[in-house]
Amino acid sequence: MTELTVNGVKHTVSESTTVAQLLETLKIVPERVVVEVNLTILKRAEHPTTTLKDGDQVEIVHFVGGGCLQTVQGSGLWAVGTCPEPRTPNPELRHG
């Protein structure tokens, strides 16, 4: 078995697991993410040929339409999603 850290969360996978297989296991659509292994950003074409090794640090950034960075509950992933309603600006702080 191979132990990895994915977005700060420990995972155990089978030996010879590729990045593509990891994404499939995590039910992540490859077209919507960027994957970094040990500080190196991978091209999507490298996912099937990049074998993960014991101790690898994997970061997966998941893109979602919207504009605010937020965590995906329970996954250790970050996604860009819908922003909360903006607060009403204080008219006393206006410039000009």
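The dialogue below reads one predicted model step by step.

Student: What should I know about the model before I read it, and how many helices and strands are in the protein chain?

Tutor: This is a predicted model, in which local features need pLDDT of at least 70 and side-chain atom pairs count only at pLDDT 80 or more, while totals for chains, interfaces and linings use all residues. Residues are numbered from 1 along each chain as its sequence is written, and side-chain values use heavy atoms, with hydrogens and water left out. Helices (H or I, at least four residues) and strands (E, at least two) are DSSP runs, numbered from the N terminus. The protein chain has one helix and seven strands, in the order β-β-α-β-β-β-β-β along the sequence.

Student: In which sense does E5 pair with E1, and in which with E3?

Tutor: Two strands pair if DSSP finds at least two bridges between them. E1 and E5 are parallel, with two bridges, and Thr5 has Gln57 as its bridge partner in E5. E3 and E5 run antiparallel and are joined by five bridges; here Val35 stands opposite Ile60 of E5.

Student: Which residues have the most contacts inside the largest nonpolar core?

Tutor: A nonpolar core is a set of buried Ala, Val, Leu, Ile, Met, Phe, Trp, Tyr and Cys residues joined through side-chain atoms within 4.5 Å. The largest one has 14 residues, and Val35, Val58 and Ile60 have the most contacts inside it. Strand E1 (2-6), H1, strand E3 (33-37) and strand E5 (57-62) each give two or more residues to this core.

Student: Where is Thr17, and is it buried or exposed?

Tutor: Thr17 lies in the loop between strand E2 (9-13) and helix H1 (19-25), and it counts as buried because its relative accessibility is 9%. Contact means heavy atoms within 4.5 Å; leaving aside residues up to four places away in sequence, Thr17 touches Leu22, Thr50, Thr51 and Leu52. A polar atom of the Thr17 side chain also lies 2.5 Å from the backbone oxygen of Ser14.

Methods: Buried means under 20% relative accessible area, exposed over 50%, partly exposed in between (1.4 Å probe, protein chains only). A polar contact is a pair of N or O atoms within 3.5 Å; within protein, one must be able to donate a hydrogen and the other to accept it, and residues adjacent in sequence count only if both atoms are side-chain atoms.
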